[in-house]
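Biologist: I would like to learn how to read a protein model. Where do we begin?

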Amino acid sequence: MSKMTLCFFVIRTCLVGAIRLYYAPMANPKNKHPKNVSGSFYCTDPDDKSGEGCIACNICYSGAPEFFAEDDSGNAYVKKQPLTPEEITLCEEQMDACPVSSIGKNG
Ligand code: SF4
């Protein structure tokens, strides 16, 4: 493989990564579930008009039950904000695992 071909693939890989990062779906802080405790982490309301709210898949409140809980309909909300680095990492893992990007941490 020539240097020019290698350079082309590196640039293309970087551009694709940047585009994916820019357009990655994010939880909308304007559509928070009403039962979230205040703080940076939150779940979006299942009635989010964009249709991207929680779908009650149970991943987050099964994976981190100390921080996420389910309402009467099975939709998630944040019941306790993480404080330690380990707790924050655990909540970030739930955020990454959420299939509909319904967890945010910019609240
Ligand atoms: S992981 Fe996402 S979709 Fe699943 S219950 Fe939690 S917030 Fe809802």
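Modeller: Begin with a term. A nonpolar core is a set of buried Ala, Val, Leu, Ile, Met, Phe, Trp, Tyr and Cys residues joined through C-beta atoms within 7 Å. Keep in mind that this model is predicted.

Biologist: Which residues have the most contacts inside the largest nonpolar core?

Modeller: The general idea comes first. In soluble globular proteins, nonpolar side chains tend to be buried together. Here the largest nonpolar core has 16 residues. Those with the most contacts inside it are Cys43, Cys60, Phe68, Ala76, Val78 and Ile103. The elements that give two or more residues to this core are β1 (42-43), α2 and β3 (76-78). β3 gives the most, with 3 residues.

Biologist: Take Cys60. Which residues is Cys60 in contact with, leaving aside its neighbours within four places in sequence?

Modeller: Phe68, Ala76, Gln94, Cys98 and Ile103.

Biologist: How many residues surround the ligand?

Modeller: The shell has 14 residues. Cys54, Cys57, Cys60, Ala76 and Cys98 are the closest. Sorted by class, the shell holds 12 nonpolar residues, 2 polar ones and no charged ones.

Biologist: Now the fold. How many helices and strands are there?

Modeller: There are 3 helices and 4 strands. Along the sequence, they follow the pattern α-β-α-β-β-α-β.

Biologist: And contacts along the chain?

Modeller: Consider contacts between residues at least 6 apart in sequence. Of these, 55% join residues at least 24 apart.

Biologist: What share of the protein is buried?

Modeller: Buried residues make up 27% of the 107 residues.

Biologist: Is Pro65 buried or exposed?

Modeller: Count the C-beta neighbours. Pro65 has 12 inside 10 Å, so Pro65 counts as exposed. Pro65 lies in the loop between α2 (59-63) and β2 (68-70). Pro65 and Val78 are 13 residues apart in sequence, and their C-alpha atoms are 9.6 Å apart in space.

Biologist: Where is confidence lowest, and where is it highest?

Modeller: Read the pLDDT, the predictor's confidence in each residue, from 0 to 100. The mean for the protein is 83, and 74% of residues reach 70 or more. Confidence is lowest in helix α1 (residues 3-23), at a mean of 51. It is highest in β2, at 98.

Biologist: Over which residues does pLDDT stay under 50?

Modeller: Over residues 13-23. For residues 13-23, the model has 0 contacts beyond four places in sequence.

Technical notes:
Residues are numbered from 1 along each chain as its sequence is written. This is a predicted model: local features need pLDDT of at least 70, side-chain atom pairs count only at pLDDT 80 or more; totals for chains, interfaces and linings use all residues. A residue is near a molecule or strand if its C-beta atom, placed from the backbone, lies within 6 Å of it. Ala, Val, Leu, Ile, Met, Phe, Trp, Tyr, Cys and Pro count as nonpolar, Asp, Glu, Lys and Arg as charged, and the others, Gly among them, as polar. A residue is buried if 20 or more other C-beta atoms lie within 10 Å of its own, exposed if 12 or fewer, and partly exposed in between; C-beta atoms are placed from the backbone. Two residues are in contact if their C-beta atoms, placed from the backbone, lie within 7 Å.
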